[in-house]
Amino acid sequence: MKVFVLLLVFALIALLEIPKLIRKKEWPELITFSILLTIGFILSFLQVIGVELPNPNKGIEKLIKLLTP
Amino acid sequence: MLEGGKISARQMILLVFVSRVIYWITSLPVLLAPPANQDVWIDLWMAVPIYWIVALPFYFLAKRFPQQSFYEYTQAITGKAGPWLGILYVLFLLHITGLTLTNFSEFFTTAVMPETPSLFFVISLTLIAAYAVYHGIEVLGRLSELIAPIIMIAIIGVVLLLVNDMNLQELTPFLEKGIYPSIFTGLSPVGQTIEIIEVAIILPFLNDLRKTKKVFIYAPLLLVFFLFILTFSELTVLGDDLAKTYTYPFYNIVRLIHVGDFLERIEVIHVTIWILGMFVKTAFQYYVIVLGIGQLFHLKSYKPLILPMGIIIVASTNMLGSNVVAFREFLSFEIYDWYTMFFILFIPSLLLLTAVLRKKGEYSK
Amino acid sequence: MKKRSLNFMLCLVLSFTLTGCWNRNELNTLAVIQALGIDMMEDGQINLTIQLLKPGVLQGAPAQTKGEGGGGPCVWIATVKGKTITEAIRNATTQVDRRLFASQNKVVVIGETAAQSGLSPLLDYYFRYNKPRELAYIFVAKGKAEDIINAENEQEKVPGKAIENLAKASLNTSKAPEVTFHDLQRSLVSKTSSSFLPGLELVKRPAGTTIEKQVELCGTAIFKKDKLVGWFDGKESRGLLWVLGKVKSGILVVKSPEDESQKVVLEIIRASSKITPELIDGKPTVTVEVKEEGNLGEQMSSVDLSNPDAFRELEDKQAEAIKEEINAALSKAQEWGVDLFKFGTEYHRKFPAEYPELEKNWEEEFKNMVVNVEIDAKVLREGQASKPIRAEKKTE
């Protein structure tokens, strides 16, 4: 169910933007758009199916504790 | 040209004001920065000169590259490393936006509506912010001009209603630990003010570039003045021990307002300005992120990027988790300020140095 | 075209999200808490007595029919147990069908045994959770809080409201303090100060009245850190309030200067205090200055007091009476070693360098402290009558 809603949202966004970009022949925009959409899809899909993603806060915290006195 | 709009120096100052002060009306980490006692309200004025020092690299860089944004002159100065540095900044801003949104939902789930899932707040705020970003910098500027006075009036009004509960005795003894710790007290708010990067990014959209100096001088004064009002009222109403124990000290003193039997429970004002201000703050950060990607990849328009970026923002906010204790440790003076200082002081200073050494950009008097 | 479709989408999204709050609370789904009693049982469990409003009855029954059996009570009592307060409140849902609503609760009564075992564990819930108000009044019951909450009231339909009014009315005599959660928090967080709370007790009423027992304010419960150590009576309570500068109004009864057998009443109009901490040879010495203004409120003797000499004598007697009250409070507080007067904070303010040393052993320092009391009491006015009705000529 959640996955279905997610796919719907992504399809909607793609339908909203891609035809316009193709019509205007804005290829760099289309490529950036697709990359971002793919990243977004991977991140949210992993979260929806329940994969625990690493928390950036923790890594930064460790790094700073290592570097500072 | 990605962005055709122009904003005035006043709008830019107010944009910074809303973005920063709105955070301080809930959490106020400066109370916990050393010396963490009743002197914070004096010591924090030290933040003004520190703000100016931190602004110096940005100011000179803007002088050298008057028509370019932070992303653009980064590329001009560092050449091949430029895009990577740009992407680093985009990731940094993305992380900050995630923190902002977590803060937003955390306040709601702690203080106002404990059972509503925080994802709901995150998604709704991102959606509304996306709408504002879609309309560009001019709309953001005007929004700040509209909302900043509301926030100012609300804060000052609330503080005036609390005058009866204030106890100036709480502020004594003056300068218990001497003047030296005030440097740390000053560093804490400056470290949080990542808005300085956002200003460096939108500086070329200033309608009168001669006013660059004005932005860098007056914005810190306005920020510190309101920080002073907030700290002063919290310390005098709660006392420093109690103010430190509360997660949201200003919210708690707003709850204390009672004028006779008829004017009570006006914390809804606090929640209202919190939503308004958070909307502007999120939209501003959202805007500089999509603008950054647009400028890094030399696109003609950033508008197609707004919706996919919104998804990334929501997803990365979710990644930050909602463990308040871990979150507060990360935002503490010892960690967060080092993290941001790297981006707001260290890298810009290096950039300026490189620009001077490689003789990039023109320096006009 | 694109803009229109975006607007349409926005309307669609908004119509789903803006229908109402997620956590909305309607009156007919709430059980509004009017007063809360916290008792500690012998086995360490917490017993909560919750006074809940019945809004329907409150609306329906006119006031005059109450007592004649019309209308019935407007509140009902739920009693629940739990290991902690939060657990007890959740356990209440097994007998209260509606969601408990604490935002309107202005009265919290703590039982004597619970107070003896310590306040801070009981109050954490109030500082952490978002619903209860910091401006609620807090009391200590002599005996069990349950009995106080259960007691009915002649005047008010909601007994909890009556207790709240008692707290507000305490300024008429200044014989009990008025303490909100916010005040309590501020004294609990201090390392040197001790806390105090107004006391409540159940007093038997004369036979034949509709209500057998009623709640009355009785002095002040004194805490050492957060544990109940004893009680101040009315006189000592006012002594405490004099030092803190919190006396708003009240009545002082002194002997008439001309006729020792009769009483003169002086009405306190305003009072303020100033605490001056000093270190004499490293020993803390505190000077308490109290400024007071009073009016001649009533006199039972028949001599004419409206002359400057008599007024001066009245002022002296007034100062004497105030001093006596303050000393009563001071000696008891020093005996128990409880710094109710925030002297420690004053030392922190005036002697920041010496304070860390003093703080370590503050209880002993406070017990052995020399306290000078200076009273500046004035009698200003005499009301609308200058002489008593049957004034005697002053015998020369």
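Close-up 1. The centres of domain 1 and domain 2 of chain C lie 31 Å apart, taken over C-alpha atoms. The domain assignment, automatic or from a database, sets domain 1 of chain C at 26-232 and domain 2 of chain C at 235-386. Contact here means that C-beta atoms, placed from the backbone, lie within 7 Å. Domain 1 of chain C brings 20 residues to the contact and domain 2 of chain C brings 23 residues. On the domain 1 side, strands E8 (213-224) and E9 (227-232) of chain C each supply at least two residues. E8(C) gives the most, with four residues. Helices (H or I, at least four residues) and strands (E, at least two) are DSSP runs, numbered from the N terminus.

**Close-up 2. The contact between chains A and B.** Of the two pairs of chains in contact, chains A and B share the most contacts. Chain A contributes 23 residues and chain B 25 residues. H2(A) gives the most to the chain A side, with 11 residues. That side divides into 12 nonpolar, seven polar and four charged residues. Ala, Val, Leu, Ile, Met, Phe, Trp, Tyr, Cys and Pro count as nonpolar, Asp, Glu, Lys and Arg as charged, and the others, Gly among them, as polar.

**Close-up 3. The contact between chains B and C.** Chain B gives 20 residues and chain C gives 16 residues. On the chain B side, helices H5 (82-112), H6 (118-134) and H11 (240-245) of chain B give two or more residues. No contact joins chain A and chain C; their closest C-alpha atoms lie 8 Å apart.

**Notes.** Residues are numbered from 1 along each chain as its sequence is written, with chains lettered from A and ligands numbered from 1 in the order in which they are written. In this predicted model, local features need pLDDT of at least 70 and side-chain atom pairs count only at pLDDT 80 or more, while totals for chains, interfaces and linings use all residues.
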